[in-house]
Amino acid sequence: MKFLKSIFVFLFLTNLLFGADFGIYEKVVQNAAGNAQEVADLITQNLTESSFQYLNTLKMSTPNLVREDAAKHSTFNSFLILATDTAFDKFQAQFGKRYAANWILRIGVYEDETGVQVVIANPITLTRIICNDLDDANYQKVIAKSEEIRQNLRSFILSAVKGKEVSIQMPPLRSAERLRKAKKDMMMMVGPMTFFRDKDQFPILLSIDTGADPATKLQEVIDQVKKNIEAFQPAEKDAGYHWTKSAAEDLKWRVVCEVKNEGINAALLGITRNRTEALSFHICGMKRETEANSTPGIDHVCAYPVEVAIFEEDGKIKVGTPREMFRMDMFFWDAGKWAFMKFMNMPGNLDKSIKKAITGRSK
């Protein structure tokens with residue numbers, strides 16, 4: 001039985017590795033037992049006792065938050081559970097501390113008209129994008145390790161949650177070749193689909209000399225960035241971009257997780273805010289709305305948080321975050337060209353807002 005199971009896993013991974021499409025998300029459980037809150041609580045409880053390091057559980061904002069018309073509201077909810085794997089973090093760090101950008105594991109729970117679904121941000125797909133500036137040999141090594149993490153994450157979820165076991169790659173979908181070559185999805189996109197081959201895709205917002213003690217300086221920078229985010233106030237253009245239920249609360253960026261591994265001069269903060277979650281889920285669900293489900297975009301729950309990597313490189317402590325047009329392409333490309341065009345000012349506004357939140361200044 002063990003032999004047959006091993007063969008099945010091998011064939012499955014081989015198909016995934018060489019198959020046509022890698023989803024940025026993967027559905028793991030279909031129609032889980034219980035409501036979304038109960039399933040999220042169950043995963044959280046079990047995660048604290050697993051080999052993964054639990055970070056946080058968030059109830060995510062839904063499109064209701066950015067819709068004045070109550071007739072278009074939905075009772076469906078979504079939750080995001082965040083974790084990390086220390087061994088995987090350290091493995092990636094040997095290739096460069098900037099790969100701290102890939103230190104968050106995401107599990108999503110959301111409701112739709114058929115029941116409660118459990119998804120993950122596919123570690124294989126994210127690694128193929130974030131680490132695609134590596135040479136071929138190291139690229140394959142880190143992909144192989146991410147496949148192990150994906151399997152471990154799936155096994156953990158399936159042991160914790162009752163429901164139909166599935167493995168459905170969810171859009172945006174991209175081929176292995178496309179991910180390796182960092183091909184962008186359309187002409188209007190700025191630069192290739194990569195974090196680090198093109199410096200414009202992962203701008204460095206702060207660069208500070210390490211001094212004699214890089215570890216101490218790293219912590220100082222982390223503390224300052226967190227203080228800046230706490231003190232953030234939106235600019236007028238940011239505040240006025242789209243209606244939201246409670247601007248004072250919904251426009252505040254907040255740190256929802258922090259990963260820092262001992263002995264590695266690098267860290268990752270995850271940030272998010274209510275309106276950005278709600279509006280992006282609204283946009284990516286618009287063309288899929290039905291009478292039975294007016295908020296289908298919450299199936300993209302694992303798109304957050306936004307990564308803020310803080311790491312030592314070239315005698316500096318650098319702070320970087322993905323450019324939002326690129327990041328929205330990564331996680332929301334399936335919304336379609338029309339949706340991107342209709343909200344074409346959103347990524348630029350977010351870039352400015354996030355820069356202000358991280359650095360404490362507008363310019």
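Ile271 stands opposite Val306 in β10. Strands β9 (residues 266-272) and β10 (residues 306-313) pair in the antiparallel sense over 6 bridges; two strands count as paired if DSSP finds at least two bridges between them. The model is predicted, with pLDDT of at least 70 needed for local features and 80 or more for side-chain atom pairs, while totals for chains, interfaces and linings use all residues. Residues are numbered from 1 along each chain as its sequence is written, and side-chain values use heavy atoms, leaving out hydrogens and water.

β9 and β10 belong to an open sheet of 5 strands with antiparallel pairing, in the order β7-β11-β10-β9-β8. Its edge strands, β7 (204-209) and β8 (254-260), each pair on one side only. Helices (H or I, at least four residues) and strands (E, at least two) are DSSP runs, numbered from the N terminus.

Salt bridges come next. The count is 23, where a salt bridge is a side-chain nitrogen of Lys or Arg within 4 Å of a carboxyl oxygen of Asp or Glu. Lys318 forms a salt bridge with Glu313, the closest N and O atoms being 3.0 Å apart, and another with Asp314 at 3.6 Å, N to O. Lys318 is buried, with a relative accessible area of 14%, whereas Asp314 is exposed at 67% and Glu313 is partly exposed at 22%. Buried means under 20% relative accessible area, exposed over 50%, and partly exposed in between (1.4 Å probe, protein chains only). Salt bridges that share partners join Arg98, Asp133, Glu313, Asp314 and Lys318 into one network.
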